[in-house]
Amino acid sequence: QVQLVETGGGLVQAGGSLRLSCAASGRTFYQMGWFRQAPGKEREFVAGISWIGSSTDYADSVKGRFTISRDNGKNTVYLQMNRLKPEDTAVYYCAAQSAYVYRRLREYDYWGQGTQVTVSS
C-alpha cells in the first residue's frame, strides 16, 4: 500500500513559478506521475519519472516549462513549474505505478488527493 500527499499548490500570476511536492509512504518502488484536471475536463497526463529517475516524460503542453524530479531518500517527487500560464490552472495529482506507461491514467495504482494550482492572467 502506498499513500501519497501533494503539497505546494496555490495562486500565482502568469509567468510565475510553483513547486509541487508529493510525499509517499509505504512501499515506494514505483514509477511516479503527475496529472492535472481542470473544471469540466478530463484528467490529463503532465509528467512521469522512473523509480531511479533516469527516465522522464512530459506532455507537450508543459515540455520546457515543467520539470519532474524525485528524491528517493525523502520518498518525495517534485514538479517544478515555471512560466505558468492561465491554462495550467487545475487540480494537480500525483500517482504511482509499477509499470512504465507514464501517460496511461489507468496504469496507476495509487493516487493522492490533489492540490489546487490557480494561475491568474
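This tour visits a group of aromatic rings and the arginine beside them. The model is predicted, so local features need pLDDT of at least 70 and side-chain atom pairs count only at pLDDT 80 or more, while totals for chains, interfaces and linings use all residues. Residues are numbered from 1 along each chain as its sequence is written, and side-chain values use heavy atoms, with hydrogens and water left out.

Begin by selecting Phe 35, Phe 45, Tyr 93, Tyr 108 and Trp 111, which ring pairs link into a cluster. The structure holds six aromatic pairs; rings of Phe, Tyr and Trp (its six-membered ring) pair if their centres lie within 6.5 Å, and planes under 30 degrees apart count as stacked, over 60 as edge-to-face and the rest as tilted.

Tyr 93 belongs to strand β9 (residues 90-97) and Trp 111 to strand β10 (residues 110-111), so the pair ties together parts 18 residues apart in sequence. Strands here are DSSP runs (E, at least two residues), numbered from the N terminus.

Tyr 93 counts as buried at 12% relative accessibility, whereas Trp 111, at 27%, counts as partly exposed. Buried means under 20% relative accessible area, exposed over 50%, and partly exposed in between (1.4 Å probe, protein chains only).

Tyr 108 is buried, with a relative accessible area of 6%.

Finally, select Arg 43. Its charged end sits over the ring of Tyr 93, 3.7 Å from the ring centre, and also over the ring of Trp 111, 4.9 Å from that centre. A charge sits over a ring if NZ of Lys or CZ of Arg is within 6 Å of the ring centre and within 35 degrees of the ring normal.

Methods. Helix = DSSP H or I, 4+ residues; strand = E, 2+ residues; numbered from the N terminus.
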